[in-house]
Amino acid sequence: MYQRFISLQWKAFYRSASFGRSMGLKIFMAFIAIYFSLVFLTLGIGLYPLLKEAFPEQEPLQIVNRFLLAYLALELLMRFMLQTLPVMTIKPLLSLPILKSKVVNYVLFRSLFSFFNFLPLLLFVPFAVFTGYKTEYSVLSITAWTVAVIGLILCINYLNFLLKKKFADDLKALLPYLIIALALYGLERFDIFSITEVFASGLNYVLEMPFLALLPLLLAFALFKWNQKVLKSRFYLDESLKAKVTEAKSQDFAWLRRFGGIAPFLQLDLKLIWRNKRPKTLIFISLLIMGYGMIFYPQDTYQDLPSVFVFVGIFMTGIFMINFGQFIPAWDSSYYSMMMAQNIPLKQYLNAKAALIIFSIVILTILTTPYVFFGYKILVINIVCAIYNIGINVPVLLFAGSFNRKRIDLEKSPFMNYQGTGAAQWLVGLPLLIMPILIFWVLNKFVSFEVATIVLAALGLLGIIFKKAIMEQITQSYRKNKYAMINGFKQTGE
């Protein structure tokens, strides 16, 4: 039966209407997979000697044990954002004499062959082999440790299933768990209670008592059964029709009427964001990215590399601009042909999109002002990046939108979702991020910091001053590509 399922999945893959159109993206993702495989394998081979050189008085395996919990937490976060869960179209199977358990088990077993499960093996298996060769640990102890780590990776795999099912549609429900995680990090940071030391002690016990390696496997099996129970409970034709009963609420955004001709389009965009999963999730992502500066600003390494801060500034102040703007007008793809058949001023439509994105840049810039704690230069760079985003990057994104041809399903999650992604989305990254960094780096290196910031701000101001003429050219591009866009948005294949 499993062989038949594999055959059906393969046929669904190469017979899909999107197979040919998405082939370039699939090839690109294959190269990315090969690259990360080589990186993890290289790190796995070199991890023991690197740790031994950096910490000659400590055993590398003990160091890995202390940091393994942090690695697993990071992996869970990356899986939640990036990993696509294996799925099957069950409607045709419901009328056939096939046991639900077989379909559910197939989906769960198929997840074991995920690329996310393969990568850690390239890291930890070579490290374990190197450790067994260089230390006095017995083969049984090293094997038990490796089995325990593999068991923990499988636990992360099936735990991600549960998190996706419970929280993917409602990120706000994650807040209590994020608060607990931050509390544990605070206790660790201020040496009050170290959960990493407790976790490391457990792995050290595995080395002394190899039979304890069965515990992570038993936990993975328990999570497997839990997922099995959850999936079986949803194995019904009308499952997608079930919904939590809530009071219907309407948002008309009547206060937007004061913005004149662009008001109807602003109302339409805000309703689209308010009512649909994918655009609404972008709001939460944008707020989460506000913490991105904490990765760079406190580090002494980056203090002499202000061009890195330009990347952070462009990214933080423009994260909504990037995520939302690169898919204009594909957000309206389901009714774009209807809009183009009406007597709608296209320039006002585009001005409304620009106004919404500019408003997001202003709000996100205000939210980044507390980073002035790390120095006034950071505040200056963030403000300059915001001006550059408004004057240059917003028109660039709107112009790139005239080449969008792929429709978007608003109810799909944005995580690891490439629906609506085409060549325009990949190419627009060059002027969006690389150009301001390159301009700033050259001027900062060969002239001065002040001149570099002034030039970036001046470019943004020039874009704002000549906005009317720029928008006229962008409007002409939309008119020129109007019918190609309508035809593209009619295609239902991703």
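1. Lining of the largest cavity. By class, this lining has 7 nonpolar, 1 polar and no charged residues. Here Ala, Val, Leu, Ile, Met, Phe, Trp, Tyr, Cys and Pro count as nonpolar, Asp, Glu, Lys and Arg as charged, and the others, Gly among them, as polar. The lining residues are Pro120, Leu121, Phe124, Trp145, Thr146, Val149, Ile150 and Ile153. Helix H6 (115-134) and helix H7 (139-167) are the elements that give two or more residues to it. H7 supplies the largest share, 5 residues.

2. Basis of the model. This is a predicted model, in which local features need pLDDT of at least 70 and side-chain atom pairs count only at pLDDT 80 or more, while totals for chains, interfaces and linings use all residues. Residues are numbered from 1 along each chain as its sequence is written, and side-chain values use heavy atoms, with hydrogens and water left out.

3. Cavity count and volume. The count comes to 1 cavity of 30 Å³ or more. The largest cavity holds about 40 Å³ of space. A cavity is a set of points, on a 1 Å grid over the protein atoms alone, where a 1.4 Å probe fits but cannot get out; lining residues have an atom within 4 Å of a point. Grid points are joined across faces, edges and corners, and the volume is the space filled by probe spheres set on the points.

4. Overall make-up. The protein has 23 helices and 0 strands. Both are DSSP runs numbered from the N terminus: helices are H or I with at least four residues, strands E with at least two. Of the 494 residues, 42% count as buried. Buried means under 20% relative accessible area, exposed over 50%, and partly exposed in between (1.4 Å probe, protein chains only). Among contacts between residues at least 6 apart in sequence, 79% join residues at least 24 apart. A contact means heavy atoms within 4.5 Å.

5. Helix H12. Residues 277-288 form this helix of 12 residues. From first C-alpha to last, H12 reaches 17 Å, close to the 16 Å expected at 1.5 Å a residue. The expected span is 1.5 Å times one less than the number of residues. Arg278, Pro279, Thr281, Leu282, Ile285 and Ser286 are buried in H12. They lie on the same side of H12, because they cover an arc of only 150° around the axis. The arc is that of the directions from the helix axis to the C-beta atoms. The cover over the buried residues of H12 includes helix H11 (263-275), helix H15 (319-325) and helix H17 (346-367).

6. Helix H9. The 14 residues of H9 (residues 195-208) should span 20 Å at 1.5 Å a residue, and the end C-alpha atoms are 20 Å apart, which agrees. Buried here are Thr196, Ala200, Leu203, Val206 and Leu207. Their arc is only 105° around the axis, so they sit on the same side of H9.

7. A cis peptide bond. Ile328 and Pro329 are joined by a cis peptide bond, with omega about 0°. Most peptide bonds are trans. Pro329 is in the loop between H15 and helix H16 (336-340).

8. Two partly exposed residues. Ile295 is in helix H13 (residues 293-296). Its relative accessibility is 48%, so Ile295 counts as partly exposed. Ile295 and Val312 are 17 residues apart along the chain, with 9.7 Å between their C-alpha atoms. Trp441 is in helix H20 (residues 429-446). Trp441 has a relative accessible area of 41% and is partly exposed. The C-alpha atoms of Trp441 and Ala452 are separated by 7.7 Å, at 11 residues apart along the chain.

Methods. On a 1 Å grid over the protein atoms alone, a cavity is a set of points where a 1.4 Å probe fits but cannot get out, and a pocket is an open set with protein on both sides within 12 Å along at least five of seven lines; lining residues have an atom within 4 Å of a point.
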